[in-house]
Amino acid sequence: SPSARGRRLPRLDLVGRARFEAADALVVELDEVTARGNDFRAGRQVRALDVLHQLARRRFRLFEQNLAISRGLGDRAGTALALAKLGRAAYEQHDRERSNEHYRQALRLYREAGNRWGPVVCIEGLAALAMSTGRPKRSASLVGAADVLREAIREPLPPPERAWLDRVVTAARGLLGDEAFATAWAEGRAMTLEQAVSYALE
């Protein structure tokens, strides 16, 4: 049956996001090591970074496989989850256009299903995208909206995700200034779920 087959779907989070954080750290360290002229250590870091990039590509393929399976089963919840995971994976690979497309598709599916958790994840992803494309005010408002929605469902961000979103907040505040950031953030917190979703999809 579809439900039995659905239970056999591979988990979408088998490859942890920590590897992307490790890749970022290696990039920074590689720059520092190369600047100091330590070619041997830099060579080791290049090899390690290549392994991490290979893992990132494998992770992306895993999500694509799960998306195809979920669509084939008519599993709308699984499809939305796979799209949201692909949105984040594409963002980490600096593919902003694909990330935006995946997040928006997932958000529409979550809205249609009346899901309350999924939209928050997508809104946070779109907040990061807004910041990365030079729209700090929009980013701050989306973060504010996601923040109040998480309070409503009593689902705080896990520490690694909190650290990731905190970097988005720090960047937005740095560009806007404290007062303008607080205003934009408060505007987001004043939104209902439906308002936040509509704003995120604009």
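**Figure 1. Helices α5 and α6 at the lining of the largest cavity.** Helix α5 (residues 96–113) and helix α6 (residues 118–132) each contribute at least two residues to the lining of the largest cavity. The model shown here and in the other views is predicted. Of the helices, α6 provides the largest share of this lining, namely three residues.

**Figure 2. The largest cavity and its lining residues.** When the whole structure is searched, one cavity of 30 Å³ or more is found. The volume of the largest cavity is about 30 Å³. The residues that line the largest cavity are N100, R104, L126, L129, A130, R135, R138 and A200. By class, this lining comprises four nonpolar residues, one polar residue and three charged residues.

**Figure 3. The packing of helix α4 against helix α5.** Helix α4, which spans residues 76–92, packs with α5 at an angle of about 155 degrees, and the two axes lie 8 Å apart. Because angles over 145 degrees count as roughly antiparallel, α4 is roughly antiparallel to α5. The crossing in which α4 passes α5 is left-handed. On the α4 side, the contact is formed by R76, T79, A80, L81, L83, A84, L86, G87, R88, A90 and Y91. On the α5 side, it is formed by R96, R98, S99, H102, Y103, Q105, A106, L109, Y110 and E112. Sorted by class, the residues of the contact between α4 and α5 are 11 nonpolar, five polar and five charged.

**Figure 4. The packing of helix α6 against helix α10.** Helix α10 covers residues 193–200, and its axis lies 10 Å from that of α6. The angle at which α6 and α10 pack is about 40 degrees, and α6 is therefore oblique to α10. From α6, the residues P119, I123 and L126 meet L193, A196, V197 and A200 of α10. The contact of α6 with α10 consists of seven nonpolar residues, with no polar and no charged residues.

Figure 5. Which residues of α6 meet α10? They are P119, I123 and L126, and L126 is also one of the residues that line the largest cavity. On the side of α10, A200 takes part in the contact with α6, and A200 likewise belongs to the lining of the largest cavity.

Definitions and conventions:
Residues are numbered from 1 along each chain as its sequence is written. This is a predicted model: local features need pLDDT of at least 70, side-chain atom pairs count only at pLDDT 80 or more; totals for chains, interfaces and linings use all residues. Side-chain values use heavy atoms; hydrogens and water are left out. On a 1 Å grid over the protein atoms alone, a cavity is a set of points where a 1.4 Å probe fits but cannot get out, and a pocket is an open set with protein on both sides within 12 Å along at least five of seven lines; lining residues have an atom within 4 Å of a point. Grid points are joined across faces, edges and corners, and a volume is the space filled by probe spheres set on the points. Helices (H or I, at least four residues) and strands (E, at least two) are DSSP runs, numbered from the N terminus. Ala, Val, Leu, Ile, Met, Phe, Trp, Tyr, Cys and Pro count as nonpolar, Asp, Glu, Lys and Arg as charged, and the others, Gly among them, as polar. Axes are lines fitted to C-alpha atoms, for helices over the stretch in contact, and angles run from 0 to 180 degrees between N-to-C directions. Angles under 35 degrees count as roughly parallel, over 145 as roughly antiparallel, 65 to 115 as roughly perpendicular and the rest as oblique. A crossing is left-handed if the near helix is turned anticlockwise from the far one by less than a right angle, and right-handed if clockwise. Contact means heavy atoms within 4.5 Å.
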